[in-house]
Amino acid sequence: MFKDLFKAKKLTESDLDLTAVPRHIAIIMDGNRRWARKRRLPRNAGHQKGVKTLKQICYACKDLKIQYLSAYAFSTENWQRPVNEVNFLMDLFKKTFREELEELVEENVRVRIIGRREGIDTNLLRLMEDLERKTVTNDGFNLNICLNYGSRAEIIDAVNKILVEKNRPREIDEEYFEKFLYTSGLPDVELVIRTSGEQRLSNFLLYQSAYAEFVFTPIYWPEFSKKDLIRAVWEFQNRDRRFGRI
Ligand code: IPE
Ligand code: IPE
Ligand code: MG
């Protein structure tokens with residue numbers, strides 16, 4: 001066991017099979033507040049550092065030839081946080097979308113914002129639409145920011161969209177249903193990573209993760225690094241994915 005741990009510590013990119021990396025990784029970026037508390041910083045400093053971490057992890061995903069990254073930024077449940085924290089997060093999203101737009105375009109990243117649009121203020125909505133529109137033809141890497149996202153909301157929204165479809169079939173199948181999800185057209189999630197030691201999905205991509213592998217790490221999101229991503233992908237590559245077969 002210690003030998004394994006030792007080996008895991010020393011993992012580098014060359015330990016991975018870059019032709020068999022997960023096509024779509026979803027990350028529950030958790031532990032920002034605990035990271036800040038541990039360092040006696042205001043909790044919002046954890047969120048700020050979290051944005052920087054996400055940027056680094058996007059570059060790391062590109063290096064590892066991962067095509068899709070879905071990052072959980074704000075859940076439908078997160079509105080229940082103190083109003084000043086919610087406001088701080090919304091301002092942070094605005095600032096980040098404004099500041100990163102140019103680099104995302106240059107880096108050939110296609111950005112999609114996944115989640116319920118109702119409840120988002122109009123300034124942020126405009127920036128989200130701008131980011132999506134200006135990166136729509138990019139195909140180097142796909143970044144999905146899950147903002148005001150909840151799986152149950154997504155599934156209910158899909159059902160309601162189907163109900164108003166004029167030419168809907170009498171019976172719907174998976175192929176038809178998936179077209180109405182926010183993630184329509186994207187490949188299934190193959191690896192879910194959650195930081196901070198919590199081991200739950202918290203309403204994240206339930207449908208899309210039906211056959212995903214899960215990696216949980218105690219590391220708080222602001223200090224998650226490329227080496228931790230490599231370790232998660234290495235674990236993924238050492239799992240036996242059976243899909244119900246023997
Ligand atoms: C994740 O970190 C960020 C968001 C949910 C917006 P948290 O803010 O949940 O930090 P912890 O889990 O309380 O430490
Ligand atoms: C999940 O983290 C949501 C995001 C990372 C954006 P939370 O910290 O909100 O989840 P719970 O409350 O621990 O389940
Ligand atoms: Mg949390």
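**Surroundings of the two ligands**

The shell around ligand 1 is made up of three nonpolar, four polar and four charged residues. These residues belong to a predicted model, and they are M29, D30, G31, N32, R33, R34, H47, A73, N78, R81 and L89. Helix α2, which spans residues 32–38, makes the largest contribution to this shell, namely three residues. Ligand 1 lies in the largest pocket.

R33 takes part through its backbone, with an N or O atom 3.0 Å from a ligand oxygen atom. On its own, ligand 1 has 380 Å² of accessible area, of which the protein covers 87%.

Ligand 2 also sits in the largest pocket. Its shell consists of I28, M29, D30, Y72, A73, F74, N78, R81, R194, R200 and S202; five of the residues are nonpolar, two are polar and four are charged. Strand β2 (residues 68–75) provides the largest share, three residues.

Side chains supply polar contacts to ligand 2 as well. An N or O atom in the side chain of S202 lies 2.6 Å from an oxygen atom of ligand 2, while for R200 the distance from a polar side-chain atom to a ligand oxygen atom is 2.8 Å. For the side chain of N78, the corresponding distance is 2.9 Å. Ligand 2 exposes 390 Å² when taken alone, and the protein buries 77% of that area.

Key:
Residues are numbered from 1 along each chain as its sequence is written. Chains are lettered from A and ligands numbered from 1 in the order in which they are written. This is a predicted model: local features need pLDDT of at least 70, side-chain atom pairs count only at pLDDT 80 or more; totals for chains, interfaces and linings use all residues. Side-chain values use heavy atoms; hydrogens and water are left out. A residue is near a molecule or strand if one of its heavy atoms lies within 4 Å of it. A polar contact is a pair of N or O atoms within 3.5 Å; within protein, one must be able to donate a hydrogen and the other to accept it, and residues adjacent in sequence count only if both atoms are side-chain atoms. Accessible areas come from the Shrake-Rupley method with a 1.4 Å probe; for residues, only the protein chains shown count as cover. On a 1 Å grid over the protein atoms alone, a cavity is a set of points where a 1.4 Å probe fits but cannot get out, and a pocket is an open set with protein on both sides within 12 Å along at least five of seven lines; lining residues have an atom within 4 Å of a point. A molecule sits in a cavity or pocket if more than half of its atoms lie within 2 Å of its grid points. Helices (H or I, at least four residues) and strands (E, at least two) are DSSP runs, numbered from the N terminus. Ala, Val, Leu, Ile, Met, Phe, Trp, Tyr, Cys and Pro count as nonpolar, Asp, Glu, Lys and Arg as charged, and the others, Gly among them, as polar.
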